[in-house]
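Work through the exercises below with the sequence and the model open. Each task is followed by its solution.

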Amino acid sequence: MTRISSVFQPGHTALITYITVGYPNIEATLKVVPLLADNGCDIVELGIPFSDPLADGVTIQKASFYALKNGVTTKMCLEISKELSQKVKIPLVFMTYFNPVFCYGLEDFCTACSKSGINGLIIPDLPPDEGSQLEAISRRQGLDLIYLLAPTSTEDRIRLVAERSSGFIYLVSVTGVTGARDGLPSDLDKFVAKVRRAATQPLCVGFGISTPEHASQLAKIADGVIVGSRVIQLMEIDDDFTSVVNFVKELRHALDKSR
Amino acid sequence: MLPDNKGYFGAYGGRFVPETLVPALDELAAAYEEAKVDVSFWAEFDSLSHNYSGRPTPLYLAERLSRHCGGAQIFLKREDLAHTGAHKINNALGQGLLAQRMGKHRIIAETGAGQHGVAAAAVCAMLGLECIIYMGEEDIRRQSLNVFRMKLMGAEVRPVSTGSRTLKDAINEAIRDWVTNVRNSYYLLGSVVGPYPYPSMVRDFQSVIGKETKAQILARCNRLPDYIIACVGGGSNAIGIFYPFLNDENVRLIGVEAAGKGLKTDKHAAPLAAGTIGVLHGAKSYLLQDSSGQIKETHSISAGLDYPGVGPEHSYLKDTGRANYVATDDQEALEGFQLLCSTEGIVPALEPAHAIFYAAKMASSLEKEQIIVVNLSGRGDKDLDIAIEALGLKQ
């Protein structure tokens, strides 16, 4: 059992939050992650910004743009994760696109991740069809490579991801990019059930999850919820992150109450 | 036969896309494989290529240009005479027919210079399909005539204000639209870039250029050319003319990238001449990136070449040495532009003006019996404002 999979316990729905490293600035990243951990998050996704985030909506596009403007590099993200992993007890995963990883060198990147307290990787533009090499290397370094499934995924693809994903499976709630949305798609429970029949991994739902109501609904069907864009929007509101902390508490409460 | 079944040309290509799009790409690849062996599909493509696009385009011996250079004979493959003014119509037509066959009525496209956008808009109008075109704000500014043409033909042009506000960002936004509307939309990608099957499918539709060129030069000169020269942005006109000659080893293939303000500056768009290997827009290929793998902003006087990546098959041809890639800067492209105007009465687009300059320079060092074919991939009406300003001809 990896550190990530140990998060998923019976009777507990995991809360996973995403932030872009270096947005609005590096101090904010160092400050907010311990707050997330202390207020009910089970895993934090640290986004390594990429210049061309084609799976992301406007909020994370903007955060990536400014993070890069702030001079954030992959190396800096590794240093920050090292520092954070000493401060918090929850698992940390990197979420980024394939090119920064490829450019760093797969072997070097995974080694550095492992030394920096990273427990897993989510790379939205790396489907399992292209992932064999990184999968082998990340496994050697004790990192989970978490694959994604989408509402468009066929039975064959669900089986493929069920065979290959480690840690959990990331279910993309909608056909679309990341970003806060008003409602959840009506057929989400069917999608989760379909994957459940083929997979033994925990199933976490992300993209568009932005309210405690969403979290309540998902607690009934999924093993974890992933919230990104809304967290980033709330980080913009106040310097001491009161809004984010309150939001995370509400999510935690909604998840715990709904089980 | 390349690509292999995973869409790789050697080490390049593949399918680095969000999971949401993988089933759509599978569906597209299957539909294309089916169409590829369907005689009626190609009969319709050929018929419309002839009657709508005006193919075959002429292969013209540019005698005054050749004499001016004082060396090899320079032939021009006149894609500028194709309907909508560039080679882009070949691919737009092929994919438009495929979309129709797949029952997809909402077409998404991106455009840089606007030539692919205009071609896509034209084909959609002709086939009765809805057409949404993403175009960077910077390109909208510098290619306003093409924006107007697209709108006249019923397309919706959506400005893209992210990143460098050029072709790269328009592709990002088109992909985001496709991810969102994947079930009812067809993404009509305009170059030999992107995830499999686009690089090979677009190549196949564009290879009509090379097939015609081969037949025309054999009929006229009874031999193959010594050199084929084409400009390379994403690389569709170049692959289109190169591909049917790949096995003719005595025909040397030269791709001309945009050196912008110089390869030693940061302001160019020449990933093959000065880039490194990476993954952008779904494929592994040469690209312009910094030491952290962030995609660099590019510059070229021609919007159509202003792109940090290049089709994966070109990366493969570079590594195998089957094709050579060079770069021509903004000033040289303007010289090529003026040279063709004044010697032949042909106004080329700024994209092929890069190839014209290189061909003219090269011709002067060759023998009279030698033959160069330049792919004149588009006409220059769209570039007149830029040329007037750059050449200081404003009255």
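**Exercise 1.** Which residue is the bridge partner of Tyr227(B) in β14(B)?

*Solution.* The model is predicted; local features need pLDDT of at least 70, side-chain atom pairs count only at pLDDT 80 or more, and totals for chains, interfaces and linings use all residues. Residues are numbered from 1 along each chain as its sequence is written, chains are lettered from A and ligands numbered from 1 in the order in which they are written, and side-chain values use heavy atoms, leaving out hydrogens and water.

Step 1: strands are DSSP runs of E, at least two residues, and helices are runs of H or I, at least four, numbered from the N terminus. Step 2: β9 (residues 227-231) and β14 (residues 371-376) of chain B run parallel and are joined by three bridges. Step 3: the partner of Tyr227(B) is Ile372(B).

**Exercise 2.** Which residues touch the most other members of the largest nonpolar core?

*Solution.* Step 1: such a core joins buried (under 20% relative accessible area, 1.4 Å probe, protein chains only) Ala, Val, Leu, Ile, Met, Phe, Trp, Tyr and Cys residues through side-chain atoms within 4.5 Å. Step 2: among its 97 residues, they are Leu46(A), Phe94(A), Leu121(A), Phe168(A) and Tyr170(A). Step 3: a separate core has 65 residues, including Val22(B) and Ile295(B).

Key
Pairing = 2+ DSSP bridges. Buried < 20%, exposed > 50% of the residue type's maximum accessible area, 1.4 Å probe, protein only.
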